[in-house]
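Please keep the sequence and the 3D view open while reading.

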Number of protein chains: 2
Amino acid sequence: MPYFDAATTLPLHPLARQALLSALDEGWADPTRLYRDGRRARMLLDAARETLAAELGARTDEVSFTASGTLANHVGVLGALSGNHRKGRHFVHSAVEHSSVLHAAEQFERDGGEVTSVGVDALGRVGTGEFAAALRPDTALAALQSANHEVGTVQPVAEVAELCAEAGVPLLVDAAQSAAWGPVPGRWSLLTASAHKWGGPVGLGVLVVRKGTRYRSPLPADDRGFVDVPSAIAAAVALRAVRQEAASADAALRPLVARLRAELPGLVPDLAVLGDAERRLPHVLTFSCLYVDGEALLHELDRAGFAVSSGSSCSSSTLTPSHVLAAMGALTEGNVRVSLPTGTTAADIDAFLAALPRAVAGTRAHLEPAPASAPLVVDSIGKRCPVPIIELAKRFPTVPVGATVVVLSDDEAARLDVPAWCEMRTQRYVGEADATDYRADAPSGARAYLVERLS
Amino acid sequence: MPYFDAATTLPLHPLARQALLSALDEGWADPTRLYRDGRRARMLLDAARETLAAELGARTDEVSFTASGTLANHVGVLGALSGNHRKGRHFVHSAVEHSSVLHAAEQFERDGGEVTSVGVDALGRVGTGEFAAALRPDTALAALQSANHEVGTVQPVAEVAELCAEAGVPLLVDAAQSAAWGPVPGRWSLLTASAHKWGGPVGLGVLVVRKGTRYRSPLPADDRGFVDVPSAIAAAVALRAVRQEAASADAALRPLVARLRAELPGLVPDLAVLGDAERRLPHVLTFSCLYVDGEALLHELDRAGFAVSSGSSCSSSTLTPSHVLAAMGALTEGNVRVSLPTGTTAADIDAFLAALPRAVAGTRAHLEPAPASAPLVVDSIGKRCPVPIIELAKRFPTVPVGATVVVLSDDEAARLDVPAWCEMRTQRYVGEADATDYRADAPSGARAYLVERLS
């Protein structure tokens, strides 16, 4: 079964697995103890930290371990904001950061801090000018991911790090998605990563705090907790291994993704490929399909033997539209992220290209539009995405050019998807209105979305 | 080399190692994903959680995972205090809790909360009456360990849980030291533990929050972080295995510790065995040696082939007197904790009993008292523990019965060790005075400790 969800996690790298087994024998003791077993564990831990530091472009004493990449972002963001609180209580981040950065920002806001989210372009890339403009004299920290986790777009980290350094603002770089591919360039101050994303063990995050960066951990101090030495060793061995394989893996995977990017739109009607075609991770491709329930599509692809994932509103368990796709102004429905592990073959890609059209068609066949309540009003209240868009599309040809169609919906995703559909179909999105203007008993969460037929 | 530091950590249990290896193949995927690999990881995770819940006396949905036992205590204490903040801002804990509980308490205090520390008796055991008396109408949480990590004394957890339940105060039980030996009895509300203490993997803590307990995590919410499935499985397999072996391990180790308790005082002069002889963990024994530098003794024992540890002022890297020994009023110098792993033999104990007297003598030989500055004043300013006690003991026979000896010291440990020495020697500890009363240029941190010779 082709596993196309490398950006979520990878199995332990074979060399890391060997290293883990040795370390369970040699490095199980507490590395802070003075006796022989403890000293041996300490030596192994020091070696692991040294390898990780070298690969991440840091000094050995700047590297610390956390329970996960998520926790590294939580404590990295909150710790740097706390350490720099005398400078001010303002935090700047891009709109497409990982949820762990956004959750830390929300906590900071609840505690009285102020947060600025910098938008991205339609490809998911932050503008250096916009980022620089958001920095203020009281900005205590800025955060920018090295590459986006949902669409693979690479961010201008080195340029932003330079701007931040000039402004005297520490920059935290979430390098979770790019760490396997190479070091993060530039004058950043903090860096976070997660070992299982590069073929290391689950349950090990890395936080780098460069010397001279003010930092105060938000967790209670504790010298008694001790590091997972076997995992640290496995993580170091895995990172060194994948870095050595990175150039050849890039050369192998980048053309496969380019082929998907080129061929998918022609194979499946109403499919939009998202993200930057050039400035991207080598192994990630994301697309959205109109009129498709994302979760149903994942099930169809699973049945066809493909493991892929999605960040879209219609597939995640939280039913919240993806903040990344929303920030890009991209269609959130029927969203699929394909992320290829090393070793993916051209035959795997052939098989996926063969399977996808049937999987999409099978999903679309399950969806039936509801009968119209009035010629120009599409009442989709109580129906989940993608039904509102399907009903809009079915009714649209029945109105004359120049007329306006009103979509009533209480699904938050419609606010993103109606404009995105207009963009894809070259129709005009007029704007929002109160749903009660069109239906007196509309529930309070419902809105009316107006679309003018141009052609 | 006999490893006598089981209370710090254990190598991975052989069955857990097998389970970990299988789980690295079968359970590496993200358990929240919908595809086959994800569903398989989810099934394994559910099974692990079910086993852990059954062994810990909880429901499956009450068990969650953290990065360590330390983190489980941090988030357990702070989360329960936050969830119950409407009841009040008061936290009660015993004076001998693990440092992670004390550090969480310090953070709570810094944030405006009030903390009451309940003292223990000379054996390290908290009194149920004293604990009950500390509970107030505004007490939001109480915490009591199941057994002490430094001296092995078992606490009256079931009784205290009952008192807390009657008073409407949730009780958090830190079960890190006892989890291998059996479930914690009684009506507790939260429970924490650490897998590597029972032969599970490092880097996995467990937090149980019983239904009906108010709780609000102090960490930012994050549904994207995912659990280390292989470690969870290894932890569950290890706990089930050690629980099945617990009765036979207890029967094998308890007499070995009893033998050490009985024979050590006769083998080494000026050695005090600490903790409760009966109500104790089966595998832990702690003692202190007068006139011994604890760190030097650990080195001597390591050279003799024994891995043991210490919580005493004279051996830990922080140079702070052990808060546990201080709360017991016990001697903090030359402290050694012996904690036996399953499989320890009578021959190992023989070897230890043979090696210890030489190791202690070797350590004591390195210490030379300084020349006396005045007949009745022992000036140990600038000298680290155990030198002040050694100098006191050397000078003591030179004063007549009924006379008073003054010890000048700027080492905090002297405040604990001079009274403890008096207790051991049946001499009278008179009290403290300003060091400048006896030496005009005494530094501000120095104190005078007065001892009357009774015999």
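The largest cavity has a volume of about 290 Å³ in this predicted model. The structure holds one cavity of 30 Å³ or more. The largest pocket has about 1,200 Å³ of space. Chains A and B superpose with an RMSD of 0.2 Å.

**Cavity**

- The lining of the largest cavity counts 25 residues.
- Nearest to the centre of this cavity are A:Leu20, A:Ser231, B:Leu20, B:Pro201 and B:Ser231.
- In chain A, helix 1 (14–26) and helix 7 each give two or more residues to the cavity lining.
- By residue class, the cavity lining holds 18 nonpolar, five polar and two charged residues.

- What volume does the largest pocket have? The value is about 1,200 Å³.
- The largest pocket is lined by 34 residues. Closest to its centre are A:Gln107, A:Asp111, B:Gln107, B:Asp111 and B:Pro218.
- Helix 3 (69–83) and helix 4 (99–110) of chain A each give two or more residues to the pocket lining.
- The pocket lining divides into 16 nonpolar, 10 polar and eight charged residues.

**Symmetry and interface**

- Chain A is superposed on chain B by a rotation of 180° with 0.1 Å of shift along the axis. The two copies are therefore related as by a two-fold rotation axis.
- In chain A, the C-alpha of A:Ala67 is nearest the axis, at 2.5 Å.
- Of the interface residues of chain A, 100% are also interface residues in chain B, so the copies meet through the same surface.

**Backbone exceptions**

- Most residues other than glycine have a negative phi, and most peptide bonds are trans.
- The peptide bond from A:Cys385 to A:Pro386 is cis, with omega near 10°. A:Pro386 sits in the loop between strand 11 (377–379) and helix 11 (387–395) of chain A.
- In chain B, a cis peptide bond joins B:Cys385 and B:Pro386, with omega about 10°. B:Pro386 is in the loop between strand 11 and helix 11 of chain B.
- A:Asp270 is not a glycine, yet has a positive phi of about 60°. This residue lies in the loop between helix 7 (229–267) and strand 8 (271–274) of chain A. A:Asp270 is partly exposed, at 23% relative accessibility.
- A:Tyr291 is not a glycine either, and has a positive phi of about 65°. The loop between strand 9 (284–289) and helix 8 (294–303) of chain A holds A:Tyr291.
- Is A:Tyr291 buried or exposed? A:Tyr291 counts as buried because its relative accessibility is 14%, under the 20% cut-off.

**Helix 11 of chain B**

- Why is helix 11 (residues 387–395) of chain B described as largely enclosed? Eight of its nine residues are buried, so the rest of the structure largely encloses this helix.
- The buried residues are B:Val387, B:Pro388, B:Ile389, B:Ile390, B:Glu391, B:Leu392, B:Ala393 and B:Arg395. Two of the names in this list are B:Glu391 and B:Arg395, and Glu and Arg count as charged.
- These buried residues pack against strand 11 (377–379), strand 12 (404–409), helix 12 (413–425) and strand 14 (447–452) of chain B.

- B:Asp348 lies in helix 10 (residues 346–365) of chain B. B:Asp348 is partly exposed, with a relative accessible area of 21%.
- B:Asp348 and B:Pro2 are 346 residues apart in sequence. Their C-alpha atoms are 6.8 Å apart in space.
- Leaving aside neighbours within four places in sequence, B:Asp348 is in contact with B:Pro2, B:Phe4, B:Phe306 and B:Gly343.

**Cysteines**

- How many disulfides are there over all chains? The count is zero, with a cut-off of 2.5 Å between cysteine sulfur atoms.
- B:Cys422 is in no disulfide. The nearest cysteine sulfur belongs to B:Cys385, 15 Å away.
- B:Cys422 is buried, with a relative accessible area of 1%. B:Cys289 is buried at 0% relative accessibility.

Notes. Residues numbered from 1 in each chain as written. Chains lettered and ligands numbered in written order. Predicted model: local features only at pLDDT ≥ 70, side-chain atom pairs only at ≥ 80, totals over all residues. Heavy atoms only, no water. Buried < 20%, exposed > 50% of the residue type's maximum accessible area, 1.4 Å probe, protein only. 1 Å grid on protein atoms, 1.4 Å probe; cavity = no way out; pocket = protein on both sides within 12 Å on 5 of 7 lines; lining within 4 Å. Points joined across faces, edges and corners; volume = space filled by probe spheres on them. Helix = DSSP H or I, 4+ residues; strand = E, 2+ residues; numbered from the N terminus. Contact = heavy atoms within 4.5 Å. Least-squares fit on C-alpha atoms with pLDDT ≥ 70 in both.
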